[in-house]
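Please keep the sequence and the structure in view while reading.

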Amino acid sequence: MSKMKYLCQKEAIAIDEELFNVYRFSVDQLMELAGLSSATAIAKCYPDKKRVLICVGPGNNGGDGLVAARHLKMFGFIPSIFYPKRTDKPLYTNLTNQCKMMGINFVEEFPSEQTIQKQADIVVDALFGFSFKPPVRPQFQPILETLSKTSIPLCSIDIPSGWDVEEGPNNEIPSLSPELVISLTAPKICMKKFNGEHHFLGGRFVPNTLKEKYGLELPEYPGTECVVKLNN
């Protein structure tokens with residue numbers, strides 16, 4: 001296989017738009033697949049670390065986190081969710097209700113670094129995705145500061161929150177250093193600067209015609225798996 005392509009922000013947005021508008025995938029379809037892929041990668045990497053704090057942002061990345069929480073619960077983990085900026089859009093209210101009905105705890109106040117270390121084995125960063133542009137809203141600044149200091153494994157969905165999708169860590173934003181990143185659709189250019197232990201590709205939904213159009217050269221997924229481990 002040729003060298004795998006890393007996407008710039010413009011390409012990532014264009015691929016998403018084609019998946020929605022040309023291939024007629026719905027947002028909730030892709031969110032379900034992304035969340036399942038994220039939960040699967042987390043379960044593979046940390047089978048014995050059951051207590052999971054999932055930090056959920058206001059957009060699609062946050063929706064992926066809500067779906068991941070539900071699947072982690074089904075996998076036998078004990079997820080809890082911190083979701084500070086909610087929306088009244090039906091997709092997100094439905095995902096929130098599903099988590100509540102499954103007995104997943106929602107944390108009302110963001111815990112301190114010390115509390116996280118006592119009460120969680122893993123933290124999932126589902127705050128901001130590839131469309132993020134600084135500055136960070138004041139509400140999220142202390143969250144990023146705490147996550148940048150945590151000593152327990154940090155797992156980011158698609159890209160580490162606060163990173164520039166092409167340049168990587170931003171000197172003006174607390175820099176997250178996740179141990180695991182689950183890239184979705186295809187890795188973004190910033191992942192060339194990722195030095196963590198685990199990098200997975202998730203979201204086994206990209207049609208061959210779309211792969212060919214953008215020259216993605218994605219790796220083969222093994223068997224019926226929805227994730228594949230990448231070598232950085």
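## Helices α3 and α4

Helix α3 covers residues 60–74 and helix α4 covers residues 90–101. They pack at an angle of about 25 degrees, and their axes lie 9 Å apart. The two helices are therefore roughly parallel to each other, since angles under 35 degrees count as such. Their crossing is left-handed. This is a predicted model.

From α3, the contact is made by Asn-60, Gly-63, Leu-66, Val-67, Ala-69 and Arg-70. From α4, it is made by Tyr-92, Leu-95, Thr-96, Gln-98 and Cys-99. By class, this contact of α3 with α4 has six nonpolar, four polar and one charged residues.

## Thr-96 in α4

Thr-96 belongs to helix α4. Is Thr-96 buried or exposed? Its relative accessibility is 8%, so Thr-96 counts as buried, the cut-off being under 20%. Leaving out residues up to four places away in sequence, Thr-96 touches Leu-66, Tyr-83, Arg-86 and Phe-106. Leu-66 is also one of the α3 residues that make the contact with α4.

## Helix α2 against α3

Two packed helices are described by the angle between their axes and the distance between the axes. For α2 and α3, the angle is about 55 degrees and the axes are 7 Å apart. The pair is therefore oblique. The crossing of α2 and α3 is right-handed.

On the α2 side, the contact is made by Val-27, Met-31, Glu-32, Ala-34, Gly-35, Leu-36, Ser-38, Ala-39 and Ile-42. On the α3 side, it is made by Asn-60, Gly-63, Asp-64, Val-67, Ala-68, Arg-70, His-71 and Leu-72. By class, the contact of α2 with α3 has nine nonpolar, five polar and three charged residues.

## Helix α2 against α4

α2 also packs with α4, at an angle of about 35 degrees and with the axes 11 Å apart. Here α2 passes α4 in a right-handed crossing. Val-27, Asp-28 and Met-31 of α2 meet Leu-91, Tyr-92 and Leu-95 of α4. By class, that contact has five nonpolar, no polar and one charged residues.

Val-27 and Met-31 of α2 take part in the contact with α4 and also in the contact with α3.

How far apart are the end C-alpha atoms of α2? They are 27 Å apart, which agrees with the 27 Å that its 19 residues should span at 1.5 Å a residue. The buried residues of α2 include Leu-30, Met-31, Ala-34, Gly-35, Ser-37 and Ser-38. Ala-39, Thr-40, Ala-41, Ile-42, Ala-43 and Cys-45 are buried as well.

Helix α1 runs over residues 9–21 and has 13 residues. From first C-alpha to last it reaches 18 Å, close to the 18 Å expected at 1.5 Å a residue. Its buried residues are Gln-9, Glu-11, Ala-12, Ile-15, Glu-18 and Leu-19. What covers them includes α2 and α7.

## Phe-130 and its contacts

Phe-130 sits in the loop between β4 (122–126) and α6 (141–149). At 15% relative accessibility, Phe-130 counts as buried. Which residues is Phe-130 in contact with, leaving aside its neighbours within four places in sequence? They are Gln-9, Ala-12, Ile-13, Asp-16, Asp-158, Ile-159, Val-165 and Lys-188. Among them, Gln-9 and Ala-12 are buried residues of α1.

Lys-188 is 58 residues from Phe-130 in sequence. In space, the two are 8.0 Å apart, C-alpha to C-alpha.

## Two residues with positive phi

Most residues other than glycine have a negative phi. Asp-158 has a positive phi of about 75 degrees although it is not a glycine. Asp-158 lies in the loop between β5 (154–157) and β6 (180–184). With a relative accessible area of 4%, Asp-158 is buried. Asp-158 is also one of the contacts of Phe-130.

Glu-217 has a positive phi too, of about 50 degrees, and is not a glycine. Glu-217 is placed in the loop between α7 (208–214) and β8 (227–229). Glu-217 is partly exposed, with a relative accessible area of 34%.

Terms used: Residues are numbered from 1 along each chain as its sequence is written. This is a predicted model: local features need pLDDT of at least 70, side-chain atom pairs count only at pLDDT 80 or more; totals for chains, interfaces and linings use all residues. Side-chain values use heavy atoms; hydrogens and water are left out. Helices (H or I, at least four residues) and strands (E, at least two) are DSSP runs, numbered from the N terminus. Buried means under 20% relative accessible area, exposed over 50%, partly exposed in between (1.4 Å probe, protein chains only). Contact means heavy atoms within 4.5 Å. Axes are lines fitted to C-alpha atoms, for helices over the stretch in contact, and angles run from 0 to 180 degrees between N-to-C directions. Angles under 35 degrees count as roughly parallel, over 145 as roughly antiparallel, 65 to 115 as roughly perpendicular and the rest as oblique. A crossing is left-handed if the near helix is turned anticlockwise from the far one by less than a right angle, and right-handed if clockwise. Ala, Val, Leu, Ile, Met, Phe, Trp, Tyr, Cys and Pro count as nonpolar, Asp, Glu, Lys and Arg as charged, and the others, Gly among them, as polar. The expected span of a helix is 1.5 Å times one less than its number of residues.
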